[in-house]
Amino acid sequence: MKKIIAIIMCLVIACGVFAACSKKEPDKNDPGAAENTSAVTTATITTDSAVIKEADAINLIKSYSAEELSLSDDDYKNCHYLVNKSGIKVENDYYISVIAAITSEKKGDDGKTYVNFDHKGEYFIRYDGKQILKKDMTSEEDKYSELKVKEVPTSAAAQEAAEDTTK
């Protein structure tokens with residue numbers, strides 16, 4: 001009798017180990033699905049459903065003037081634009097984040113080259129492309145103002161993908 005109970009307990013423990021170690025695939029339809037990439041669980045927001053992303057997001061932000069982006073003329077000419085591959089939730093909507101920064105390289109004492117980013121502006125394009133926010137870089141708090149939405153200068157591939165979804 002003791003052997004049977006011991007075997008049953010071993011099977012229950014083995015099932016628990018396999019269940020705990022199994023990987024659950026995130027739901028691709030949920031942009032706020034959590035992804036566990038380390039000991040710390042972080043929320044990664046997928047940008048699959050965003051209309052404007054990657055190079056198209058950069059092109060859209062670059063289509064605004066220095067004045068509209070609240071950048072000096074020198075900063076506007078020298079900025080590099082970076083797109084966050086993960087979406088960002090602002091209030092109740094999901095956005096693509098585009099950062100305007102001036103980069104500089106510096107050699108360290110170890111001989112390695114280090115790149116510094118002087119953050120000049122941050123812009124958020126809502127997933128549906130119908131709202132663009134500009135973050136107030138002078139405020140300690142997260143304050144945003146809206147930019148007038150322009151026609152999106154999309155790449156040919158993005159345009160074809162958008163047309164396929166409307167059919």
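In this predicted model, tyrosine 127 counts as buried, because its relative accessibility is 7% and the cut-off for buried is under 20%. Tyrosine 94, with a relative accessible area of 22%, is partly exposed. A search of the whole structure finds three aromatic pairs, and the rings of tyrosine 94 and tyrosine 127 form a tilted pair, with their centres 5.9 Å apart and their planes at 35°. This pair links distant parts of the chain, since tyrosine 94 lies in strand 5 and tyrosine 127 in the loop between strand 6 and strand 7, 33 residues apart.

The rings of tyrosine 95 and phenylalanine 124 have their centres 6.5 Å apart and their planes at 85°, so this pair is edge-to-face. Tyrosine 95 belongs to strand 5 and phenylalanine 124 to strand 6, so the pair ties together parts that are 29 residues apart in sequence. Ring pairs also join Tyr95, Phe124 and Tyr144 into a cluster.

The table gives the relative accessibility of some residues.

| Residue | Relative accessibility | Class |
|---|---|---|
| Tyrosine 95 | 2% | buried |
| Phenylalanine 124 | 3% | buried |
| Alanine 100 | 0% | buried |

The largest nonpolar core has 20 residues, and Tyr81, Tyr123 and Ile125 are among those with the most contacts inside it. Helix 2, strand 5 and strand 6 each supply at least two residues of this core, and helix 2 gives the most, with four residues. Leaving aside neighbours within four places in sequence, isoleucine 125 is in contact with several residues, including Ile61, Tyr94, Tyr95 and Ile132.

Technical notes: Residues are numbered from 1 along each chain as its sequence is written. This is a predicted model: local features need pLDDT of at least 70, side-chain atom pairs count only at pLDDT 80 or more; totals for chains, interfaces and linings use all residues. Side-chain values use heavy atoms; hydrogens and water are left out. Buried means under 20% relative accessible area, exposed over 50%, partly exposed in between (1.4 Å probe, protein chains only). A nonpolar core is a set of buried Ala, Val, Leu, Ile, Met, Phe, Trp, Tyr and Cys residues joined through side-chain atoms within 4.5 Å. Contact means heavy atoms within 4.5 Å. Rings of Phe, Tyr and Trp (its six-membered ring) pair if their centres lie within 6.5 Å; planes under 30 degrees apart count as stacked, over 60 as edge-to-face and the rest as tilted.
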